[in-house]
Amino acid sequence: MKSINPKIKITISMIIWGSLGVFVTRLSLPTEQIVLFRAAIGCLALFLILLCKGKTKSKISTGSFLLLLLIGAMIGLNWLMLFESYKYTYVSTATLIYYSQPIILIILSTLFLKEKLTKNRIIGVLMAIIGMILINGLQVGGADPKKGAIIALGGAFLYAMVLFLNKANPGLGKIDGMTLTVIELLGATLIMIIYTIATSGIKFTNIGKNDIIILLILGIVHTAWTYYLYFSSVKAVDAQSLAVLGYIDPASSLFFSALILHEKLGILQWAGAILILGGALYSQIKAKK
């Protein structure tokens, strides 16, 4: 896929990630098993891609390797919370709340990395907070919307921590993106093996044919292939374009949720969606000097 424009490859990745909720809600398995199989299949498939390309001999220090395993564990738990939130509220609502992660990252970076809190960032944070109040303050659908919102927010916090740790350790940026992701997926797999054994147990007898097909799609398409598309293109795209393209994911999630899951948001919820996504995007735009 070398001839395809990098921005198109990233756009394809984002659209596929936006359909995650549609596939996850079709599974009859416990959430922890879904996350475990996604991480394990994705890790193996992406490793095979690296193997075919001869990129498995990257030199990584023990400290960086252990840090990546920790970050991977956080990614696994973050997926767990996001997928679990789908059980209690609309996929669209959970996704919107989950995309408050850039705002949480700004707060963490300001508190612990002493980054300057610019005017754009302050406005972005306030927009996102108002948006979450609009969405969370109204019963938008699901078994327990408020519980789902809290779980999704927990997932957003964990992913913001993943971004924060990457930001606080710039040395990780020197590692090849796909190699880094394989190690992180290994960390996600290990933590989910431990968590699954401690909760529902790793069972293969309760997995139907439909579940197997969807799990393979989640692992190979939504994880290995999309990460390959993303990391094989990310260095050819400027940071601001990358930030804008990143919002195709939640936008496509809203589209798929409405079209396939028949989820309906009211005017105030749409206003909240615009404020959350708009605030997160606005906070990443550098103010003109």
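## Loop residues with positive phi

Lys114 is found in the loop between helix H6 (101-112) and helix H7 (119-136); helices here are DSSP runs of H or I, at least four residues, numbered from the N terminus. The model is predicted, so local features need pLDDT of at least 70 and side-chain atom pairs count only at pLDDT 80 or more, while totals for chains, interfaces and linings use all residues. Residues are numbered from 1 along each chain as its sequence is written, and side-chain values use heavy atoms, with hydrogens and water left out.

Most residues other than glycine have a negative phi. Lys114 is not a glycine, yet its phi is positive, at about 60°. Lys114 is exposed, at 68% relative accessible area (buried means under 20%, exposed over 50%, partly exposed in between, with a 1.4 Å probe and protein chains only). His262 also is not a glycine and has a positive phi, of about 55°. His262 sits in the loop between helix H12 (248-259) and helix H13 (267-283) and is exposed, with a relative accessible area of 59%.

## Cysteines

The whole structure contains zero disulfides, a disulfide being a pair of cysteine sulfur atoms within 2.5 Å. For Cys43, the nearest cysteine sulfur is that of Cys52, 15 Å away. Cys43 is buried, with a relative accessible area of 11%, whereas Cys52 is exposed at 72%.

## Aromatic pairs

A search of the whole structure gives 10 aromatic pairs. Rings of Phe, Tyr and Trp (its six-membered ring) pair if their centres lie within 6.5 Å; planes under 30 degrees apart are stacked, over 60 edge-to-face, and the rest tilted. Tyr98 and Tyr99 form an edge-to-face pair, 6.0 Å centre to centre with 75° between the planes. Tyr98 is buried, with a relative accessible area of 9%, and Tyr99 is buried at 12%.

Tyr227 and Phe231 form a stacked pair, 6.1 Å centre to centre with 20° between the planes. These two residues are four apart in helix H10 (residues 209-231), and therefore separated by about one helical turn. Tyr227 is buried, at 15% relative accessible area, and Phe231 is partly exposed, at 25%. Ring pairs link Tyr227 and Phe231 with Trp17 and Tyr230 into a cluster.

## Charge over a ring

Arg38 lies over the face of Trp79, 3.8 Å from the ring centre. The criterion is NZ of Lys or CZ of Arg within 6 Å of the ring centre and within 35 degrees of the ring normal.
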